[in-house]
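Good morning, everyone, and thank you for making time for this.

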Amino acid sequence: MASPDRFEPSEAVVEAVADAENVSPWELAPPLAYVVDPDALDSLFARPETDGVVRFRYCGYTVSVLASGAVDVRAAT
């Protein structure tokens, strides 16, 4: 799971998936913006009182972004 306060949620997703794939974030295809709007994702969790989770598939993984800022990446089934 990625560190909650290290990046904006969209950046944390890219870093976590790149780590799972053992590649540079620049090597991920497709770009995150083809799957989810990065600005919208960041906006969802911009307020500290926000609660919830967003899940989506990206690069063969199920990605969960928690309101705490944590990102969980698991192989999609």
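I will go through the sheet, then the core, then some backbone details in the loops, and finally the charged pairs.

Please keep in mind throughout that this is a predicted model.

Let me begin with the sheet, which is open and is formed by three strands in the order β1-β2-β3, with antiparallel pairing. The strands at its edges are β1, residues 53-58, and β3, residues 71-75, and each of these pairs on one side only. If you follow the sheet from one strand to the next, the twist averages 20 degrees.

Now let us turn to the inside. Which residues touch the most other members of the largest nonpolar core? That core has 17 residues, and the ones in question are Val13, Phe56, Tyr58, Val63 and Val65. Two or more residues come from each of α1, β1 and β2, and α1 gives the most, with six residues.

As a reminder, most residues other than glycine have a negative phi, and most peptide bonds are trans. The peptide bond from Ala29 to Pro30, however, is cis, with omega near 5 degrees, and Pro30 lies in the loop between α1, residues 9-21, and α2, residues 38-44.

Asn22 is found in the loop between α1 and α2 as well, and its phi is near 60 degrees, a positive value in a residue other than glycine. Asn22 counts as exposed because its relative accessibility is 71%, where the cut-off is over 50%. Cys59, in the loop between β1 and β2, also has a positive phi, of about 55 degrees, although it is not a glycine. With 24% relative accessibility, Cys59 counts as partly exposed.

Ala33 is a further residue of the loop between α1 and α2, and it is exposed, with a relative accessible area of 51%. Ala33 and Ser10 are 23 residues apart along the chain, and their C-alpha atoms are separated by 9.2 Å.

Finally, the charged pairs. Side chains of opposite charge can pair when their charged atoms come close. How many salt bridges are counted here? The count comes to two. In one, Glu49 pairs with Arg47, with the closest N and O atoms 4.0 Å apart, and both Glu49 and Arg47 are exposed. In the other, the side chains of Arg74 and Asp72 meet at 2.5 Å, N to O. Arg74 counts as exposed, at 54% relative accessibility, whereas Asp72, at 13%, counts as buried.

Technical notes. Residues numbered from 1 in each chain as written. Predicted model: local features only at pLDDT ≥ 70, side-chain atom pairs only at ≥ 80, totals over all residues. Heavy atoms only, no water. Pairing = 2+ DSSP bridges. Helix = DSSP H or I, 4+ residues; strand = E, 2+ residues; numbered from the N terminus. Axes fitted to C-alpha atoms, helices over the stretch in contact; angles between N-to-C directions. Buried < 20%, exposed > 50% of the residue type's maximum accessible area, 1.4 Å probe, protein only. Core = buried A, V, L, I, M, F, W, Y, C linked by side-chain atoms within 4.5 Å.
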